[in-house]
Amino acid sequence: MLFSPALSSEILDLVDWRKPLLWQVGYLGEKYDEWVHQPVDRPIRLFYSDFVESLSKTEWYTVIAIWVPLVIYLSWYCYTSLANDDVRLFSTVTATRALRTEREYSIRIYKYYFPVIFALGMFTWSFFEYLIHRFLFHMKPPASNYYLITLHFMLHGQHHKCPFDASRLVFPPAPAALPILGFYVLANSLFPEAFATTLFAGGLFGYVLYDMTHYYLHYGSPEKGSYLYRLKAYHVKHHFEHQKAGFGITSTFWDHPFQTLIPEETFEKEY
């Protein structure tokens, strides 16, 4: 969908901008998808309550202040655990009839594996980043479902409607804590604690990089020709021309195998 600056008065007047939008968008029905992808340059209000509204806004440095200390602590804890404990992965025991003995097969995880597991966590996050952005944030809610439209707008639609609202470019820590805790529990249910927590710490750091990159792509001024410059241009295309493609934020890696890469184009306007 190409963005046209000449918005019709009909599209503009679908909501009352003086009131919280979250409780209005569900009534847009079949007009919602077109409306939400017609961006405007203005701040928005989601909730009636001033307190709840404040929880929906986040300064970029809040993400660093809250999650980076946790990453550092978990990294120190996991490294010392790997150094002092006998951590093993895929441990199985096989009985030998002839010798009437048992033989254990496992992979010992040493402390110098830590950076590899941490990097694996970051890579795993990049995959979740793509899946969440494409299939959750860019789901198309049924026109008849008020609640799914409202949920979509709260999760991501409001960002596409008002992409220049600096207070809504990173995920608020309060609601982010729940899925982060879920990923922690999932990792520890699948792997030994030290391995799982290292993987989780890497994933959490990947999430922080994602949020910081996303903010920079909207408000940063990368040097022309640099990696971040190309990434910024790519994200601009996602917002204003190709909303159904270009779901990678920190990189375009997963857009390649999933065939959602935005085609190379020449911009008349530089971003």
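This is a predicted model: local features need pLDDT of at least 70, side-chain atom pairs count only at pLDDT 80 or more; totals for chains, interfaces and linings use all residues.
How many residues of helix 9 are buried? Of its 14 residues, 11 are buried, so this helix is mostly covered, where buried means under 20% relative accessible area. Among them are Tyr229, Leu231, Ala233, Tyr234, Val236 and Phe240. As for its length, helix 9 reaches 20 Å from its first C-alpha to its last, which is close to the 20 Å expected at 1.5 Å a residue.

Now let's look at one of its neighbours. Helix 8 covers residues 193–219, while helix 9 covers residues 227–240. Their axes lie 9 Å apart, and the two helices pack at an angle of about 80°. Because angles of 65 to 115 degrees count as roughly perpendicular, helix 8 is roughly perpendicular to helix 9. Which residues do the meeting? From helix 8 come Thr213, His214, Tyr216, Leu217, His218 and Tyr219, and they meet Leu228, Leu231, Lys232, His235 and His239 of helix 9. Sorted by class, this contact of helix 8 with helix 9 has five nonpolar residues, five polar residues and one charged residue.

Is Gln158 buried or exposed? Its relative accessibility is 8%, so Gln158 counts as buried. Leaving out residues up to four places away in sequence, Gln158 touches Ile44, Leu46, Phe153 and Arg168.

For another glutamine, move to the segment after helix 9, where Gln259 is found. With 74% relative accessibility, Gln259 counts as exposed. Its backbone is worth a glance too: phi of Gln259 is near 55°, a positive value in a residue other than glycine.

Finally, let's step back to the whole chain. There are nine helices and two strands, and along the sequence they follow the pattern α-α-α-α-β-β-α-α-α-α-α. Of the chain's 271 residues, 43% count as buried. Among contacts with a separation of 6 or more, 65% are between residues 24 or more positions apart. The chain exposes about 15,400 Å², and carbon and sulfur atoms supply 62% of that area.

Key:
Residues are numbered from 1 along each chain as its sequence is written. Side-chain values use heavy atoms; hydrogens and water are left out. Axes are lines fitted to C-alpha atoms, for helices over the stretch in contact, and angles run from 0 to 180 degrees between N-to-C directions. Helices (H or I, at least four residues) and strands (E, at least two) are DSSP runs, numbered from the N terminus. Angles under 35 degrees count as roughly parallel, over 145 as roughly antiparallel, 65 to 115 as roughly perpendicular and the rest as oblique. Contact means heavy atoms within 4.5 Å. Ala, Val, Leu, Ile, Met, Phe, Trp, Tyr, Cys and Pro count as nonpolar, Asp, Glu, Lys and Arg as charged, and the others, Gly among them, as polar. The expected span of a helix is 1.5 Å times one less than its number of residues. Buried means under 20% relative accessible area, exposed over 50%, partly exposed in between (1.4 Å probe, protein chains only). Accessible areas come from the Shrake-Rupley method with a 1.4 Å probe; for residues, only the protein chains shown count as cover.
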